[in-house]
Amino acid sequence: MASPGFFTCMLLALFIGIWPCHAQNVTLSVYYETLCPYCSDFIVNHLVKLFHSRLFSIVNLRLVPWGNAVLQSDGSFLCQHGPDECLLNTIEACTISVYPNEEQHLSFIVCLERLASANKLNEWINCFNTTGLATVPIDCYKSGYGNVLENQYAAETAQLDPPHKFVPWVLVDGQPLQEDFKNFVTYVCNAYKGEQVPEACHPLPLMNNSLKKATPSYPVCYAT
């Protein structure tokens, strides 16, 4: 049976045109780069948990495809894994912009990162057909707007406090998980203060308090 809080949210949504329960959602931010194999692994094998057990219902997902890239003095980008990574970072930025629905753009990004993991990068354009999305992000890239988006992501990444040490760099409500990033579900569940707790949070996982280790527990791509 649904809780009274759920019906309150429904009534407010009907009368004032918003869904206030979303204000209680947990913000999950992922700073990454497309061709870091450890970012691909995290997205394909771990972040996809958002699709299961209704985790998406309590999460505001923010994907930031910039990672360890460098903005050069002439305005061009220098990406850690070469020009292909710059291209795909921008394509993913455009996809996030064109398709702001989190499940839509994550589906596309999971598809692309799965191909990257399988060394099938030349097939990335097929992810539009696979996910049922139009190829508008390619127009975004060709128009130069993708570079505008990437500049915004570069500025945001540079302002992280504390600065990112590696990617994937994962934050829950602004708090970096650092080496414990693969345990993000635990942090999301513990941070959620709403009433519609999804199945993935039952029973509530225990927090790992030993976050600040000298070296990462998992392979990562270090900032240079």
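Author: A disulfide here is a pair of cysteine sulfur atoms within 2.5 Å. C39 counts as buried because its relative accessibility is 1%. Buried means under 20% relative accessible area, exposed over 50%, and partly exposed in between, with a 1.4 Å probe and protein chains only.

This is a predicted model, where local features need pLDDT of at least 70, side-chain atom pairs count only at pLDDT 80 or more, and totals for chains, interfaces and linings use all residues. Residues are numbered from 1 along each chain as its sequence is written, and side-chain values use heavy atoms, with hydrogens and water left out.

C94 and C140 are bonded, with sulfur atoms 2.1 Å apart. The S-S torsion of C94 and C140 is about -70°, so this disulfide is left-handed. It links distant parts of the chain: C94 sits in helix α3 (residues 83–98) and C140 in helix α6 (residues 136–143), 46 residues apart. Helices are DSSP runs (H or I, at least four residues), as are strands (E, at least two), numbered from the N terminus. C94 is buried at 0% relative accessible area, C140 at 9%.

C189 pairs with C201, S to S 2.0 Å. Their torsion is about -75°, so the bond is left-handed.

C79 and C86 form another disulfide, at 2.1 Å. Its torsion is about 115°, so it is right-handed. Both C79 and C86 are buried.
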